[in-house]
Amino acid sequence: MDFLVVQFLTGLAGASSLFLVASGLSIIFGVTRIVNFAHGAFYMLGAYAAYSLTERWEGALGFWGGIVAAAIGVAAVGALVEVTLLRRIYRAPELFQLLATFGVTLVVQDLSIILWGPEDLVGRRAPGFRSSISILGQQVPSYDLFLIALGPLVLGLIWLLFHRTRFGVLVRAATQDRDMVAALGVNQRWLFTGVFALGVFLAALGGALQLPRDAVSHTMDLRIIVEVFVVVVIGGLGSVAGAYVAALIVAELNAFGILVLPQVSLVLVFAVMAIVLVVRPYGLFGRPEGPPRTGTAGLIRPWRPFSGGERIAVAVGLVAAAALPLVGGSYLLSVGAEIAIFCLFAASLQLLMSAGGIASFGHAAYFGLGSYGAALAAKTLGWPLPAALAAGAALGTAGAALFGWFCVRLSGVYFAMLTLAFAQIAWSIAFQWTSVTGGDNGILGIWPPPWAGSPAAFYWIALALAAGGIAALRVIAFSPFGYALRAVRDSALKAEAVGISRRAVQWTAFVVAGGFAALAGALFAYLKGSVFPDNLAIPLSVDGLVMVLLGGVETVTGAVVGAVLFRALTIVLMSYTDYSKLVLGLLVVVLVVAFPKGVVGSLQGLRPPWRRAAAPPVAVPAR
Amino acid sequence: MSAPLLQVEHLSKSYGGVQAVRDVSFTLRAGEILALIGPNGAGKSTCFNMLNGQVRRDSGRVLIGGRDTAGLSPRRVWALGVGRTFQITATFASMSVRENVQVGCLSHQGALGRLAGYAGARAREEAEALLALVGMEDAAERPCGELAYGDLKRLELAVALSNAPGLLLMDEPTAGMAPADRVDLMRLVAAIARERRIGILFTEHDMDVVFEHADRVMVLDRGRLIAEGAPEAVRRDPLVQRTYLGEGLLYEKGAA
Amino acid sequence: MRQVMVGLAALAALAGGAHAQQGEIRIGEINSYSGLPAFTEPYRKGWQLAVEEINAAGGVNGKTLVVVSKDDGGKPADAVTAANELLSRDKVDMLAGAFFSHIGLALADFAKQKQVFYLAGEPLTDAIVWSAGNKYTFRLRPSNYMQAAMLADEAAKLPAKRWATIAPNYEYGQSAVKVFKELLSKKRPDIEWVGEQWPPQGKIEAGPVVQAVAAMRPEAILNVTFGPDLVKLVREGNSRGLFKDRSVVSFLTGEPEYIDPLKEETPEGWIVTGYPWNTIKTDAHNAFFKAYEAKYKDYPRLGSVVGYALVKSAAAIMTKAGSTDTDKMIAAAEGLAFETPFGPAQFRAIDHQATLGAYVGKTAVKDGKGVMVDSVYRDGKDFLPSDADVKAMRPAN
């Protein structure tokens, strides 16, 4: 009994740590709708900055002053990022900010290694909180008690800020209706900058406060970013109290879960999120989201199939690509096959994001299921290449059918996060089910048979399947079904009123996209010769998003260009420098600013990107 | 005589204890134009949304062509031959004008499940005929996103007609339009209704529109039907006059 | 069309590049330079020093030794891409490197498929030489099994009977715990395993884990966590008194990469494997240490030793083979004896595992720094299963 009480207190301390970071994300997310992928990076910067300051400044004042100064300093950096980068792209298609903050994250990762060195840093213990206190016969670190008190305190301060200050009232108004606040003559820009800086401050503070209990390392950001997103979504977007409750639930379930099932931490937060979202589609304290941001849909010029000339150009391009084995060596061909595979993967995600208007944060799940399906068919059943590829595609399709059935009940960011949760669950199964999947040691020896084994032969197979798949995805985008999908995206209300079932249409799209992603994954298994849980991990899902956004989310198949660009850049940079993330991140930031609708999307637009040509007048909601 | 096109019996709905619609009953025949008016917050939109299944009713029945629509979603109601336009225009902004109508036509043909074949080449004639009907044939290729508001309203009408409906539900069809356009649009609607024997139920704030085109008028106040009948009779009804007194709508605009 | 053009341009950029020069022997080296710089930077310094020394002494078979190094970003798929590039563009004569086990396995499988020599440096998984072993793959470092066997030897001497384990939840942690338990239970049938904790790698919630382990009331604890997880575990464990009056046996904790960051919070008296660079006084190590310190003005980490020995052993293989023909190199490597900073070692013919050992000692704090004391070198050859067992595990090829 005593033990359980102390375990509960330990969970509370963990909840506070998580909440500090999550609250900042929730505020940024709730107000600006920016999916701030860089939140983890600011958390990490906070920890590094606090380390440097507290090592330099002595005494208790030096320590606490260092913590606060670090948070303020990083908040200033955050404000700078908002003013110089994010502000330029508020009018960009939804989720485009994700791309920008992704670039920032890459840059920060390498910069922190350059500035603070590669080794883990262990900071000072907090003055006054070095010891532990005996509670019910168990030792509890006094710093834990400090954190336990700090969580609710920060929650209270945020509440006061939002309910007792003009700034807070405006922010809350902006959370509910951004156009309204703009109409009231409030300078929305500075409001957003303020909110962003506040969120970054909380992230950096959260990072700095880990100094006495954690090691400061350059992997801190990725360790926390997904988890805080999950916490925010479980709590409900824009609900800071919800974030606290969610952090509490996650931390306590973990603290007690490991007593029963020591492996549970691997998947716990995602399982909790999946259950919460299936039961409560808007999180614990969230309210139904308004319709997605208006304006973007109106900016899209109606899609057209390729004209005669364009078809010839594409055909010539394909022939040129098919002629690569005449000039390229085996390395070039393997890179070519890899890029072709990623083109297909990105194009499949694009069907969901562009035609469907639903962004999957877990698209790698289906890619990975395709890999595993093919690998298992080849290794355990001994199936030949074509059958194994089909098995991979089938497994991915089945997975998409299952997960998609739940996901399409949700919309917007909640949809995205549920796809992420399912992807992580799939990942943890691949990771943990060692007897079948080989765990993280993977499945080895998935090589193509001799007839497909030469670099040229496999390149042609990959190119043919990728080109065929992308062509099929284009056909689908222009088919009656594709129109139904776009109709649902443009106006779910209207689509329903002309007899279209949103769920059925989106579910079908999800399954189709999953199937093509799985085909790409199956090819990938044969290209690499081995399959690992990495094939369905979050970084690959993020890569998919980046490729689509880079190509242009408002285009039909711009993702193909995004994929070529991103994958080729990654491969080249990794080959030539250890700081590939730094260079890639900077390039992404530059591309974001230069092509605010994606590369293809921006090149297509002859008009200035943000001129809303005779957009429908802003209508006042009925009730 | 077969069942009336639309028969509403004792329809009620409350939101958290507030009775938005109480015990509303009426019928609508084919080819008839029926207006539903009332001050703001009278329950018109709620009533409307219950008719096409968007809002679930608490009690009462809605029969369309004699069939009870209990539990049917909007798209099932649509399949019964009901067209609907929205107070705030809802169109498919990423498509051209003609494609908007084509989606409706393809849905009517049950062809939207097809994964192959260029949709832009299908149901083209049907869509163009409907656009011609609403006077939008010249705008067929224009992106929907750049239409003026009045044209959007016409487009919505064309889409609402894409399933050859017997019943058309129009929620404030002329809201937000210039006065001259309102008259044009409603004349068009009335002509189509008479020609195709479509029953139309519409809500409206503009009393000009109501009294010029409606065959019958119903007045809703605080969720209750307080008057029903020919336009002239309703206009003279003292209860109606009292209801609208504060708004001044009936005298100033109705008398114009 | 534009799409295709961009693609072709990108591919064209990839097409250029270096080609093998006459008079060079090239090793293609792959590691997680961007993902794991704390280990790979000293590692790179180690192999760079080896390359310098070899070439100063006239190279290999009269040719200059060149190491072409690539980053794998911590992903097996990217490691395979890099291996492809090294093979077909850089025309390397052998592949070497890798840190993570799954990357090592991917490269081993790649080597088997492409019939190219692969010398794994750091990956610890037993699979790479046993269950997934192949003719083309050799491994330098003492494996998981060997480290477990070294620690189990020491653990068996402890009076403790109730044992709990804490290990990261992935193959490395799982197999470390499994082997350690097996070996220790064999030596000490009286031992009781009272519980396990499996925090996810890199994401330990140390407080609850420490509490949970304390609740098992063990007399001794096996730890397999490392890096930031280790730091958190040690700090929470110290605060909550978990390690008080308990024996702790811990994998790799004595390696400078992991013990240095702990500074004055280093727990005292843990039995660990590692690299006590400041107390090894052998001639082989002295020579290495002096050269390293002179070149880099820094002390070597374990990674430095691995990188150094990796290239030295590769050169020894090619020297003995007198050629860079893959089959000849395999034949030469099997049973080859070579020198390392830790002393002589040998690539076993039976499973291609090197007999390089590790130091086992106890942790202590000295001048606010974590160090290893009472260290003893354990030769790897004494900590391997019987030949019959090895043959049973290793697929024939």
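Author: Start in chain C. C:E265 and C:R235 form a salt bridge, with 2.9 Å between the closest N and O atoms. The term means a side-chain nitrogen of Lys or Arg within 4 Å of a carboxyl oxygen of Asp or Glu. This pair links distant parts of the chain, 30 residues apart. C:E265 lies in the loop between helix 9 (256-259) and strand 10 (271-274) of chain C, and C:R235 in helix 8 (residues 228-239) of chain C. Helices (H or I, at least four residues) and strands (E, at least two) are DSSP runs, numbered from the N terminus.

C:E265 is buried, at 10% relative accessible area. C:R235 is buried too, at 2%. Buried means under 20% relative accessible area, exposed over 50%, partly exposed in between (1.4 Å probe, protein chains only).

This is a predicted model: local features need pLDDT of at least 70, side-chain atom pairs count only at pLDDT 80 or more, and totals for chains, interfaces and linings use all residues. Residues are numbered from 1 along each chain as its sequence is written, chains are lettered from A and ligands numbered from 1 in the order written, and side-chain values use heavy atoms, without hydrogens and water.

Now chain A. A:R489 pairs with A:D490 in a salt bridge, closest N and O atoms 3.1 Å apart. Both residues are buried.

Another salt bridge joins A:R304 to B:E141 (4.0 Å, N to O). That pair crosses between chains. A:R304 is partly exposed at 36% relative accessibility, and B:E141 is partly exposed at 43%. Both belong to a network of salt bridges that includes B:R98 and B:E99.
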